[in-house]
Amino acid sequence: MKLQTKITLLFVVISTTGLVLLNASIFYFVSEFNFEDFFKRLEARVNLTAEININPDKESAAYKQVRTRYLEKLENEQEYIIKLDTSKSPSYTRVLNLPDDFYQSILEGKKTRYTQRNHFYAGRLFNIHGEKYIVIVTATDPYGFKELEQLKKVLLIVFVISIILTYIAGKIFSYYTVRPVRGIIKSVKNITANNLHLRLDEVNGKDELAELVFTFNNMLNRLETAFETQNNFVSNASHELRTPLTIISGETQLLLKGNKVTEEGKASVQTILNEAEKLGHILASLLGLAQTGFDGKKQNWSKIRVDELVMEVADSVKKIDSESVIDIDFSALPDDETLLYTEGNVNLLQLAISNIVLNACKYSSNRPVNVQVTAHDGRVIIIKVSDKGIGIPQQEQQHIFEPFFRASNTSDFQGHGIGLPLTLNIIRLHKGSIGIRSEERVGTEIQILLPVA
C-alpha cells in the first residue's frame, strides 16, 4: 500500500472516529434535554393534580383554571392518586404495573421518574393534613420521539457527506504531503552506477525530509568514492597482477623444458607452475566478481535464445570435463519461440550457467546431470539444473552465495568458493534470480529465472 493511500485512510479513520463521537454526543445531549423537559412538565402536573384533587379549597379552583387555560393536554395523559393507610405499616395498592423501586422511591419522599418505551411516569408523595397520598401522572411524548428520529436522519446524512468530504480532503492533504517524497523517489531512480555524481536537490528547512535528503546525499558521496576505488582496482588489477603471474608461469615452463634443474627439483617447479595457474584462475574469477558487482552498464547487450545458450554451455562443459554426462531436457519448451529470448550479455550468462553445470558434474562425480528449460506465464524463463551428488547441508545452504564459502562436505573436491557468488551477480545483473533446493547425499536442484525479452 502506498504511503499516500495510508495517509488518506488514516485521515479518514481519525475523522470518522471524531464524527461518530460528535454525532453520538449531539444525539445523547438532545435526547437528554427532551426527556428532561418532558419530565419537568409531568412533575408540574403532579403538583397541580395534588393541589386540585387532594382536599380542594378556594385556591384549587385557581390552579384548575391555570391548568385548563395555560397547560396543554399531553398525549395520553392520565392522573392517578393513591391514598395510603397511615394506621398500618406503609403500604399501597398498585394501580399501575410499575417496578417496586419506583414506588419505594416515592415513599422515601423523592421525586421519581420512570420511562417504559414511549410512556413517561412522574410520581411524588404528598402529606396533607396527616394523610399521605401518592400522585402519579403519565403521558406519551410522540413529538419528542419524532424530533429524535428526524435528528437521527439528519445526523446520518451529515455523517455520510462529512465522510465523503473527509476522504476528498484526505486525498488532497496526502497528495501535497507526499509530493516531496515523490520528487525524491523520482530523483533517486535517475541515479545509477553510471551517474553517481548526481545528487538530490537540497530541501530548505530542518524537517525530516531535509534530513533524509542530506543523509542520502552523504551516502551517495560514500558510494561514489567506493565505486571509483573499485573501478580503479578492476581497471589496473588485470595488468598489475597478471603480468607477474605470466612471468612466473613462463619461467617455470622454461625450467621444466631445460636441464637446469634436477629431477627432484622438477617436481617443485611443477608445483609452482600448477599453483600459478590456479592463482590465475582465482584472479580471473575475482575480477569477474568485482566487475559484475559494480558495473551496471549494458555492454554488448543483445537478445539471447536460452535453449541455444544451454546447448553451448553443455558443449563447453564437456570440453573442460570430458567425463561429464549432461542430459538436456527440452520437452517443456513453450510453443511460442519468442518466449525463449532474454536480454543480456551472452558471455556473462554462459559463464554463469557453466559454473552451475560444472559444479553439478563435479559434486556428483560425473553422474548424469539434468538441464531443463521451461517458461512460466510468458514472463519468466526457467533453467533447472539437477544432480544426484553429495548435496549441501541444510544449515549451510544460506551461505553458498558468499564469496570463498565452501560447504563442509566438499573437502574432497577442488574449488575456491567464487563460482556461485559470481553466478549470482551475473544473474542479478540480468534482473533474474536463483533458487536452490538440496538434500545431503541425495542431490541438488538449482533454478535460474530470467525475464523474457
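Which residue in E11 is the bridge partner of Lys384? Gln447 is. The points below place that pair in its setting.

1. Ground rules. This is a predicted model, in which local features need pLDDT of at least 70 and side-chain atom pairs count only at pLDDT 80 or more, while totals for chains, interfaces and linings use all residues. Residues are numbered from 1 along each chain as its sequence is written, and side-chain values use heavy atoms, with hydrogens and water left out.

2. Overall make-up. The protein has nine helices and 11 strands. Helices (H or I, at least four residues) and strands (E, at least two) are DSSP runs, numbered from the N terminus. Of its 453 residues, 34% count as buried. Buried means under 20% relative accessible area, exposed over 50%, and partly exposed in between (1.4 Å probe, protein chains only). Take the contacts with a separation of 6 or more: residues 24 or more positions apart account for 66% of them. Contact means heavy atoms within 4.5 Å.

3. E9, E10 and E11. E9 and E11 run antiparallel and are joined by eight bridges. Two strands pair if DSSP finds at least two bridges between them. Strand E10 (residues 433-439) also runs antiparallel to E11, through seven bridges. Here Arg437 stands opposite Glu445 of E11. The hairpin of E10 and E11 has three residues between the strands, and Arg441 takes a positive phi near 65 degrees there. As background, strands of a sheet pair through backbone hydrogen bonds, either parallel or antiparallel.

4. The largest nonpolar core. A nonpolar core is a set of buried Ala, Val, Leu, Ile, Met, Phe, Trp, Tyr and Cys residues joined through side-chain atoms within 4.5 Å. The largest one here has 35 residues, and Val357, Val371, Ile383 and Val385 touch the most other members. At least two residues each come from helix H7 (306-320), helix H8 (346-363), strand E8 (369-376), strand E9 (380-387), helix H9 (419-429) and strand E11 (443-451). H8 gives the most, with seven residues. A separate core of 14 residues includes Phe38, Phe126, Tyr133 and Ala139.

5. Val385 and Thr423. Not counting residues up to four places away in sequence, Val385 touches Ile356, Val357, Ala360, Val369, Asn370, Val371, Thr444, Glu445 and Ile446. With the neighbours up to four places away in sequence left out, Thr423 touches Ala352, Asn355, Ile356 and Ile434.

6. After E11. Val452 is found in the segment that follows E11. Val452 and His376 are 76 residues apart in sequence, yet 9.6 Å apart in space, C-alpha to C-alpha. Setting aside residues up to four places away in sequence, Val452 touches Thr338, Leu339, Tyr341, Gly378, Arg379, Val380 and Ile381.

7. The four-stranded sheet. Four strands form an open sheet in the order E1-E4-E3-E2, with antiparallel pairing. Strand E1 (75-84) and strand E2 (112-116) stand at the edges with a single partner strand each, so one side of each is left without a neighbour in the sheet. Neighbouring strands of this sheet are turned by 20 degrees against each other on average, direction ignored.

8. Pairing inside that sheet. Strand E3 (residues 119-128) and strand E4 (residues 131-140) are joined by 10 bridges. Ile128 stands opposite Glu131 in E4. Five bridges join E2 to E3, with Thr112 opposite Gly123 in E3. E2 and E3 form a hairpin with two residues between them, where Arg117 in the turn has a positive phi of about 55 degrees.

9. Leu125. This residue sits in strand E3. Leu125 and Ile106 are 19 residues apart in sequence and 5.7 Å apart in space, C-alpha to C-alpha. Beyond residues up to four places away in sequence, Leu125 touches Leu84, Ile106, Leu107, Lys132, Tyr133 and Ile134.

10. H1 and its partners. The axes of helix H1 (residues 3-53) and helix H4 (residues 142-189) come within 8 Å and cross at roughly 160 degrees. That makes H1 roughly antiparallel to H4. Axes are lines fitted to C-alpha atoms, for helices over the stretch in contact, and angles run from 0 to 180 degrees between N-to-C directions. Angles under 35 degrees count as roughly parallel, over 145 as roughly antiparallel, 65 to 115 as roughly perpendicular and the rest as oblique. H1 also lies across E1, E2, E3 and E4, running at about 35 degrees to E3.
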